[in-house]
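Please look through the structure below. Some questions and answers about it follow.

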Amino acid sequence: MKFPNARDKISLPLLISALTVAVVMMVGNHLMLDQIHEEAVRQANRQQENSMMAFWELMNRRGRNFHIDNGRMILGDYYVLNGANELTDKIFCITGSRATIFMGDTRVATNVLKEDGTRALGTKLAGAAYDAIFKEGVRYRGEADILGAPYFTAYDPIRDLNGKVVGALFVGVKQSEYLARYDRINVKIGIINGALAAVFVLCAVILGLNRKRAENEIKRQLNFQQQLMDTIPSPIFSKDAQGRYNLCNKAFQGYVGLSREQLMGHSVYDLWEPELAQKYHDMDQEIMESPGIQVYESQVGHADGSVRDVIFHKAAVRDDSGAAQGLVGVILDITERKAVEQESRRLEAQKHHSRMIESLMMQLNHDLNTPLTPLFALIPMIRAKVSDPGVERMLEICQQCVNQIQGLAGKAFDLVRISSSRPRLIPVSLCAAAESALGEISSSLAERGVICCNAISPDLQVLGSADQLTLLFKNLLSNAVRYAAQKGKVIISAELKGAEVEVSVQDDGIGLDHEQLTQVFDEFYKADTARHDLNTQGLGLAICRRIVANHEGRLWAASPGAGYGTTMFFTLKQVGHESPAIVEDEPLQENYLESYQI
Amino acid sequence: MNRRVMIVDDNEYVRASVDIICESAQLELASSASGVECLEQLQGGFRGVILMDIMMPEMDGWDTIREIVDRGLYPGNIIVMLTGMGEPDSKMEGLQEYVSDYMTKPFGPEELLDSIEYYLTLLNAPADHD
């Protein structure tokens, strides 16, 4: 803090007060000094009276009568007063007053000195004293100028035996000499006064500075509080005892879409819808009347026009006697939290539903397989025992239908199983998965005389689930074998492409046209539009699509056209290129991979 | 020469089918509708190839195998599990070593007989007798 700067800001009233006190003190002192002065003058006059009495006493010892003889003033019979300076000097010794004997109006004996320091003998009396003595024949008391210097004086006329004024006696003190002591006191008091006034002003300045400092400190603290509140992202407010807003932070203004000016000094009824306002008011009243912090869920009209779900935290502000002076409140917006909770409940329900479907499918699968077992077991035995071609044909149809039911149950179960949860992806051998699938469909390969060539490097590892990859290959290979040319060829190969491995299963079969390419991945789609092929369920590629989605890859089909074979492609992640946080058993979202690339 | 086979399945038509197939191959079949009946037959001295269904009410295939092992009835038998696809296998922990093979339902007569004959051969082989 810089001093000159601060001095400008010192409170003016305080300075005026200090100056007033100083002036009052000075005036008081002045009046007191006046009294002292008056008393001093009175004392001086009294002293002259006494000195005059002493002077007469001194004269009377030498004689009673005065007369002038031959230009000399004689006291008694012979005492010549002209030049009788011993008398005046004695008076000075006794009383401290100067003294003069006038013959007529001329000083004939005196110790009043002239400017050059010699006795003022021969000089004349003049002024008011002269008029009183010689014109009116009365004594004179008071102040008078003697040879240019002011004196406290006393003049008495000297009369001869006939009562004629023949001269005068004078006693007096120079005012400057007599009042010297008073002047010294005056100066001292003046100094003390000045010092006290200076102290007052100094105190005022210091007090002013301190007050300014305190004000600055309070201002700084208020500023800090406001800054702190404005930094807090939750809306904060406070209200007075009458429920009027008297403080809020920026978050609050932004939340309700009103400026500080629009809010301050207004009640809930001025600002919100009557219904909401009444609710707020009731809750405010409740908190004013009860101790502690009130937490409750409510709604607030947001600046964007929406009504938000919030939690209010409120507490009453009380004075020393416990009376509520207002309240403070914080708003916690839980709209998103509620939405998340709702979404979470929805996902949980979906997960539960998936598990239920999976469980149901498993049960259905078992319950289908159980009655299929006797059919599967017995139909071949019956066929072995019949020789009628008609009956044999009927049994063959039955056998095919049973096969179809069994295939459908198995595939549907596969589809539910791989759709219900995402597998843990670990490094697995791609070649081994393909070999495993080839093993499972070896009979179909042999039946159609198709040669399958697995060109995948035995060292190649991908991130995946071995079971699902085997199932993926099995489905792709089953299709390839089914649609390959008689004694045709199927080639499995894999190629590294960046972080991915692109796998292809190529056949030399019937191929697909443009329309078919976009539909092959749909559930229950069959390339054979008449759906004559009773040995397929139309679920194979749908299963493949889900498996590839589970592996965060892409699946697509390519064909030069009908009759020129089909190549199925899919991508997998290479080991070392894991995507972060693959969660096991995470429910799958639809639209995970719906695009069919051609 | 041991030609004894036991089917443990709660579905009577499955049992009947297996019975017909076994009869055609001159196999001696014991039929059990539950794990309890299977244990009774074993207590009664049955030894041979056991075709065990997994999903059965009350006592399932795995529970039954646990009981067989616990009661010391396993030696002299070979167990083949009859499973549907995706049937629960969480209970198989520590019991796999007592299961020689899995046969997926539905199965044809040749597949079943091939399997039974194979395991009967193993049972009857001198090296496996002790």
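Q: What pLDDT does chain B average?
A: This is a predicted model, in which local features need pLDDT of at least 70, side-chain atom pairs count only at pLDDT 80 or more, and totals for chains, interfaces and linings use all residues. Residues are numbered from 1 along each chain as its sequence is written, and chains are lettered from A and ligands numbered from 1 in the order in which they are written. The pLDDT is the predictor's confidence in each residue, from 0 to 100. In chain B, 91% of the residues score at least 70, and the average is 88.

Q: In what order do the elements of chain B run from the N terminus on?
A: Helices (H or I, at least four residues) and strands (E, at least two) are DSSP runs, numbered from the N terminus. Chain B has 4 helices and 5 strands. Their order is β-α-β-α-β-α-β-β-α.

Q: What percentage of the residues of chain B count as buried?
A: A residue is buried if 20 or more other C-beta atoms, placed from the backbone, lie within 10 Å of its own. Among the 130 residues of chain B, the buried share is 36%.

Q: Which helix gives the most to the side of chain A that touches chain B?
A: Residues are in contact if their C-beta atoms, placed from the backbone, lie within 7 Å. Chain A and chain B each bring 19 residues to the contact. On chain A, helix H11 (335-385) and helix H12 (389-420) each supply at least two residues. With 15 residues, the one that gives the most is H11(A).

Technical notes
Two residues are in contact if their C-beta atoms, placed from the backbone, lie within 7 Å. A residue is buried if 20 or more other C-beta atoms lie within 10 Å of its own, exposed if 12 or fewer, and partly exposed in between; C-beta atoms are placed from the backbone.
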